[in-house]
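The sequence and the model come first.

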Amino acid sequence: MPDAQLTARSLETLLGEWRGGGAHYQALADRIRLLVLDGRIPIDTRLPAERDLAARLELSRTTVTAAYRGLRDAGFLDSVRGSGSVARLPGPVLVTAPTPGGDGMLDFTKAALPAASSLPAAARAAAEELPHFLPHSGYDAVGLPHLREAIADRYRERGLPTDPDQVLVTVGAQQAIALIARTFVGRGDRTMIEMPTYPHATESFRLAGARLVPVTVTIPPADAPHPVGAEEDGWDIDAIEQTLRRANPALAYLIPDFQNPTGASMSPETRARLLAATAAQGTIVVGDETTADLDIDRLGEHLPLPRYGSRGAGDAPVLLIGSASKSLWGGLRIGWIRAERPHIQKLIAAKPATDLGTPLLEQLVVARMLPQMAEILDSRRSELAAGRERVARLAAQTFPDWVVPRMHGGLAAWIGIGAPVSSALTLGARNHGLLIAAGPRFGLDGAFERFLRIPITYSEEETVRAFAALSRAWPDALREPSAFADAAPLPNVV
Ligand SMILES: Cc1ncc(COP(=O)(O)O)c(C=O)c1O
């Protein structure tokens, strides 16, 4: 059964500027294939009827028929009786993960550091603790008490009084987002999201049936003062206030610190105005702090979001999401939600429908590592500072016209590439051994073709290889989307 129907109008928007120099049917098929590989057309989505798409794009029916036929022959479309043409992937497909020193694809779809160096010791100590838990069932729906205490302690250190029963442990921040979406967003409810944003959050809200209301985040100008004020931090707070009044969303999802993908950090004034405006509407605010600890050299005061409420914590519902993935290691899959008790209770009640508990061993590892956060973050800071300089240097050498923002934290640079060819560039780069997410993966409706997110988390050798792949793919990308040999879909984009 197909999952969703794409109208001719939505497909037209997703297609963006698809017409190239060659035959229309080929260019159309290439573009749809890219959208499927890139995840922007999810597998099992029903494409518009040929007649409707032809009318919408002002093409002959034969052109669309030929494009669909090409896609079908290549395994990207399937004709399902009674359901029309449904997006598929030619299978079986395997995306090779990079192997150290091996010849697999280099995977730059992940803006994530390798594990913190103290992790092996913490894992060994955690394994020694495990026998204490073995006589019990092992199903832990809310999180181990001492881990919840350690997480609450981190909030207290950051200036936000928190009790352990205000914390719910989840399987990564991703589960936290999906659970919040499913619990607090009803079908058809409006949800305000930043644009661009973290793509799997967009997917979670869509899956919950949200109507998305985007607000723009830009990269601060190179000459912005530091610390930035509300005028230059990248969030247009006047527009956000207006959107909140006009659309009255049920929920607003924001990444205030080292926003993924822009790296922007919200000024204290923007935070305060945001909370005042959401409180006035009764909009639930979700502050995703997955990347908030990854400070390189930010200046100024940045307390957790609820501290910017006018009457202190609790005057507007603010849910915070945290994660061990970016500071400790993504392989731990431990995240959490911090909220007022009634919200935590609702989330606990909703959670078993999709998951019966968080693995214990990983919780034990994180509980051991959280008290060492200050030292761990110090070493993360130097890794990220080196990565930031590396990407800026290689970009300046390889692509002098690209605009690399000065970011003060985060895991990736959101680079202006000067031409609307991000999708073509990333497709071409696959032929040279590099998987990387195109700008539009972080947007809605095909926007951000002039941007590319380059992680600052890889070694010198890997980053040099990535730039070499981009520079080989660049001339073709400027000419025309190239044919590509590798039909594997993009893996997760984190
Ligand atoms: C803003 C943001 N939220 C959530 C996640 C998911 O994090 P986790 O690995 O903890 O599920 C990511 C991962 O990149 C992210 O960037």
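## Ligand shell

The ligand is surrounded by 15 residues, the closest being Ala173, Asp288, Ser323, Ser325 and Lys326; a residue is near the ligand if one of its heavy atoms lies within 4 Å of it. The model is predicted: local features need pLDDT of at least 70 and side-chain atom pairs count only at pLDDT 80 or more, while totals for chains, interfaces and linings use all residues. Residues are numbered from 1 along each chain as its sequence is written, and side-chain values use heavy atoms, with hydrogens and water left out.

By class, the shell has 6 nonpolar, 6 polar and 3 charged residues. Here Ala, Val, Leu, Ile, Met, Phe, Trp, Tyr, Cys and Pro count as nonpolar, Asp, Glu, Lys and Arg as charged, and the others, Gly among them, as polar. Helix H7, residues 172–184, gives the most to the shell, with 4 residues. Helices (H or I, at least four residues) and strands (E, at least two) are DSSP runs numbered from the N terminus.

## Polar contacts and cover of the ligand

Polar contacts are pairs of N or O atoms within 3.5 Å; within protein, one atom must be able to donate a hydrogen and the other to accept it, and residues adjacent in sequence count only if both atoms are side-chain atoms. A backbone N or O atom of Ala173 lies 2.7 Å from a ligand oxygen atom. Side chains also take part: a polar atom of Ser325 lies 2.7 Å from an oxygen atom of the ligand, and one of Asn260 lies 2.9 Å from an oxygen atom of the ligand.

On its own the ligand has 400 Å² of accessible area, of which the protein covers 97%. Accessible areas come from the Shrake-Rupley method with a 1.4 Å probe; for residues, only the protein chains shown count as cover.

## Aromatic pairs

There are 10 aromatic pairs in the structure. Rings of Phe, Tyr and Trp (its six-membered ring) pair if their centres lie within 6.5 Å; planes under 30 degrees apart count as stacked, over 60 as edge-to-face and the rest as tilted. Phe108 and Tyr458 are stacked, because their ring centres are 4.2 Å apart and their planes are at 20°. This pair links distant parts of the chain, 350 residues apart: Phe108 is in the loop between strand E5 (106–107) and helix H5 (119–129), and Tyr458 is in the loop between strand E15 (451–455) and helix H15 (460–479). Phe108 is buried at 1% relative accessibility, and Tyr458 is buried at 11%. Buried means under 20% relative accessible area, exposed over 50%, and partly exposed in between (1.4 Å probe, protein chains only).

The ring centres of Phe205 and Tyr253 are 5.5 Å apart with planes at 55°, so this pair is tilted. Phe205 belongs to helix H8 (residues 199–207) and Tyr253 to strand E9 (residues 251–254), 48 residues apart. Both Phe205 and Tyr253 are buried. Elsewhere, ring pairs link Phe399, Trp402, Phe467 and Trp474 into a cluster.

Glu194 is in strand E7 (residues 190–195) and is buried, with a relative accessible area of 0%. Leaving aside neighbours within four places in sequence, Glu194 is in contact with residues including Trp235, Tyr253, Ile255 and Met266, where contact means heavy atoms within 4.5 Å. The side chains of Glu194 and Trp235 are joined by a polar contact of 2.8 Å, and the Glu194 side chain reaches the backbone nitrogen of Ile255 at 3.1 Å.

Pro342, in helix H11 (residues 341–350), is exposed at 58% relative accessibility.
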